[in-house]
Amino acid sequence: MEHQADAKRMLDERGYEGAVIHNQNPAHLLEKAVRDRVTESYYWKEQCFAINEATLCDRAVEMTYLGGTYGQQKPTPFICLCLKLLQLMPEREIVLEYLHQPEFKYLSALAAFYVRLTFDSKDVYATLEPLLADYRKLRRRTKDGGYSLTFMDQFVDDLLTKDRVCGTSLRKLPHRSLLEDLGQLEMRESPLGEELDEIDNDVSEHSHGSERSTGTPNGNGFNHERSSSPEE
């Protein structure tokens with residue numbers, strides 16, 4: 001009963017006096033329908049009772065998929081633990097530790113989702129973009145109760161480009177180029193940049209080699225193709 005009372009105080013829209021994120025009760029970063037489903041669920045009542053930042057990890061490492069709600073609007077452990085994180089509001093260093101630990105990919109995905117919900121726009125880009133080079137496989141629970149395959153980089157790309165992920169409406173994220181123009185972000189270099197440069201160099205060298213083999217430069221610097229007439 002005490003746990004239910006704590007949840008009700010967190011979700012109460014009247015007289016909330018706790019810490020805020022984006023000028024609102026952190027729990028309200030999830031839609032009311034989702035919050036209600038979560039706090040009514042067995043998983044919330046049994047697995048999210050009296051846990052802290054450390055014991056939340058024990059729950060997160062047990063996850064085998066991500067998602068919002070499925071079937072008859074049943075909430076996933078992923079979205080339940082997200083609401084718990086919003087309730088706990090861990091220090092940024094703890095969130096980054098969740099994000100960057102290499103062993104438990106669903107804990108990283110949960111932290112990425114929390115970052116998208118709670119961090120400032122420029123910090124969202126700066127924190128999540130390195131995970132665009134993370135190609136670990138993830139399972140996503142679909143609305144019909146099935147599963148689909150995705151990858152960490154695709155999940156993070158969705159967080160950076162879509163307005164709705166895991167059944168949750170996300171706060172509008174300014175386009176990256178706007179933050180670059182404002183001097184808040186440096187221009188992003190693609191992780192494939194060096195490989196693309198090498199390919200360009202190989203193509204250029206091959207092109208020059210072909211020109212040397214099919215023509216000879218005249219005094220004006222132009223190449224003339226060799227005649228293929230029988231007279232030659």
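Select helix 2 (residues 32–39) together with helix 5 of this predicted model: the two pack at an angle of about 100°, with their axes 10 Å apart, where axes are lines fitted to C-alpha atoms, for helices over the stretch in contact, and angles run from 0 to 180 degrees between N-to-C directions. That makes helix 2 roughly perpendicular to helix 5, given that angles of 65 to 115 degrees count as roughly perpendicular, those under 35 as roughly parallel, those over 145 as roughly antiparallel and the rest as oblique. Display the side chains of V34, R35, V38 and T39 in helix 2 and of I79, C80 and L83 in helix 5, which make the contact (contact means heavy atoms within 4.5 Å). By class this contact has five nonpolar, one polar and one charged residues, with Ala, Val, Leu, Ile, Met, Phe, Trp, Tyr, Cys and Pro counted as nonpolar, Asp, Glu, Lys and Arg as charged, and the others, Gly among them, as polar.

Residues are numbered from 1 along each chain as its sequence is written, and side-chain values use heavy atoms, with hydrogens and water left out. Because the model is predicted, local features need pLDDT of at least 70 and side-chain atom pairs count only at pLDDT 80 or more, whereas totals for chains, interfaces and linings use all residues.

Next, select helix 4 (residues 53–60) and helix 7 (residues 105–118), whose axes come within 9 Å and cross at roughly 120°. That makes helix 4 oblique to helix 7. The residues that meet are L56, C57 and A60 from helix 4 and Y106, L107 and L110 from helix 7, and they divide into six nonpolar, no polar and no charged.

Stay in helix 4 and pick E53, which is partly exposed, with a relative accessible area of 25% (buried means under 20% relative accessible area, exposed over 50%, partly exposed in between, with a 1.4 Å probe and protein chains only). Leaving aside neighbours within four places in sequence, E53 is in contact with L88, P90, I94 and Y98. From E53 to M89 the C-alpha to C-alpha distance is 8.8 Å, although the two are 36 residues apart in sequence.

Move on to M89 itself, in the loop between helix 5 and helix 6 (92–100), where this partly exposed residue has a relative accessible area of 26%. Phi of M89 is near 50°, a positive value in a residue other than glycine. Q73, in the loop between strand 1 (69–70) and strand 2 (74–75), likewise has a positive phi, of about 60°, although it is not a glycine. Most residues other than glycine have a negative phi.

Now select helix 9 (residues 152–161), where M152, F155, V156, D158, L159 and L160 are buried. Their cover includes helix 5 (77–88), helix 7, helix 8 (121–128), strand 3 (137–141), strand 4 (147–151) and strand 5 (164–165).

Finally, colour the whole protein by pLDDT, the predictor's confidence in each residue, from 0 to 100: the average is 82, and 74% of the residues score at least 70. Over residues 1–6 the pLDDT is below 50, and this stretch has eight contacts in the model beyond near neighbours in sequence. Residues 219–232 also stay under 50, with 14 contacts beyond four places in sequence. Where pLDDT is low, the predicted coordinates should not be read in detail.

Definitions and conventions. Helix = DSSP H or I, 4+ residues; strand = E, 2+ residues; numbered from the N terminus.
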